[in-house]
Amino acid sequence: MNARFVVVAAPIEGAVVNSPPKAGTTVSEGEQLLIIQNERVNRSMLSEHQAELRATQAALKASLLRQTGLQSLRDDMLRRLAVYRKAMLENTDREIASQEERIGSSEARGTERKSDLERKQSLRSSGHLSAMELEKSVAGEDVAKHELEGARNELDRLRRKRAAIENDVYIEEGRNDVPYSLQRVDEIDLALKSLLAMRVEQEARIVKFQQQIADEEARTERLRFASVLSELTGVVWRNFVATGSNVTVGQELVNILDCRDLFVEILVHEVDYDDIYPGRDAEVRLLGRSDSIPGRVAFVRGSRADFEDRILAASLPRTEGKYAKIRIELVPSDLNTDYRNFCQVGRTVHVRFRRRSVPLLRWLRSLWFSIS
């Protein structure tokens, strides 16, 4: 009688902190078998990520403080600019008003000179005025015209100046096109844009480090502690560790016998190879029992076939000669839950086949030995 066993291996390295179940103990699926703890987990990567996170958070805090300071300075510069713009507009408005008054005076003077010229031209035509006096009147009118034209040009210049001031451009000889406060505002705006880009990068780095820290903490926790559970209901076949045992990753801890699929392996002389074929019905009876269990041949292998299986609970004895190796699968029975007796694995059995040629029942005794 044979069955497979499941190898339970250590998922982490460390020390076993509790007593694992002994051989012969029935375990259920999901039941805790043992606990492994590792207090020597490498945490250098976690510490490095935490240090980088703290440094980035400090840099972000400094960036926020600098942004607050620059924003305050920008507001102060804008207030100064507003005061300066208001003063320049008021001065320009007064200059425009004065210039408009001068234009009015120039227009009145031009009208007076024109009337005086017309009167003197009339007198000159009647012979009552000398040519010199007439020439003086003509020159006076020309001067009045030029003065009026200059006054109007000056008014146009002042109006253009006012429009430029409204756009924060100051046109004055020996002066920059913009005031110092506006230049500083431009510089601060550039610095704020640079800080904003830096903040976005720092916030992204913080999110990345937080995720890396969470992943690393989960990884170290998995390496620090492991609760090894049974993956099936069965019986402990072998136990390789005890409390305090140091284990490495992949080391065998416990073998659990899987009684769900019991089968029988027998050796028969190859003379009977063709009589025992896959799919053929069989009956199996444990030595010392009268009841039999139905089965069916799963496969037949020749004497030279290498079928060593490291996950079988029992193994066939070494033989010399030409013996066929046969495996018979059993239907479910009470043996599948006989955990106290290791599901009878290792027991010697009798196997009976019905020949195809004659209705003769032949008993074949297997060459099994008890498991040492």
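Predicted model: local features only at pLDDT ≥ 70, side-chain atom pairs only at ≥ 80, totals over all residues.
Residues are numbered from 1 along each chain as its sequence is written, and side-chain values use heavy atoms, without hydrogens or water. Local features need pLDDT of at least 70 and side-chain atom pairs pLDDT 80 or more, whereas totals for chains, interfaces and linings use all residues.

**View A. Helix H2, residues 131–166.** Helices are DSSP runs of H or I with at least four residues, numbered from the N terminus. Just after H2, Asp168 has a positive phi of about 65°.

**View B. The buried residues of H2.** Among them are Leu134, Gly140, Leu148, Leu158 and Ile165 (buried: under 20% relative accessible area; exposed: over 50%; partly exposed: in between; 1.4 Å probe, protein chains only). The buried residues of H2 pack against helix H1 (44–126), with contact meaning heavy atoms within 4.5 Å.

**View C. The salt bridge between Arg159 and Glu100.** A salt bridge places a side-chain nitrogen of Lys or Arg within 4 Å of a carboxyl oxygen of Asp or Glu. The closest N and O atoms of Arg159 and Glu100 are 3.3 Å apart. This pair links Arg159 in H2 to Glu100 in H1, 59 residues apart. Arg159 is partly exposed at 46% relative accessibility, and Glu100 is partly exposed at 39%.

**View D. The salt bridge between Arg162 and Glu166.** Their closest N and O atoms are 2.4 Å apart. Because they lie four residues apart in H2, about one helical turn separates Arg162 and Glu166.

Conventions
Helix = DSSP H or I, 4+ residues; strand = E, 2+ residues; numbered from the N terminus. Expected span 1.5 Å × (residues − 1).
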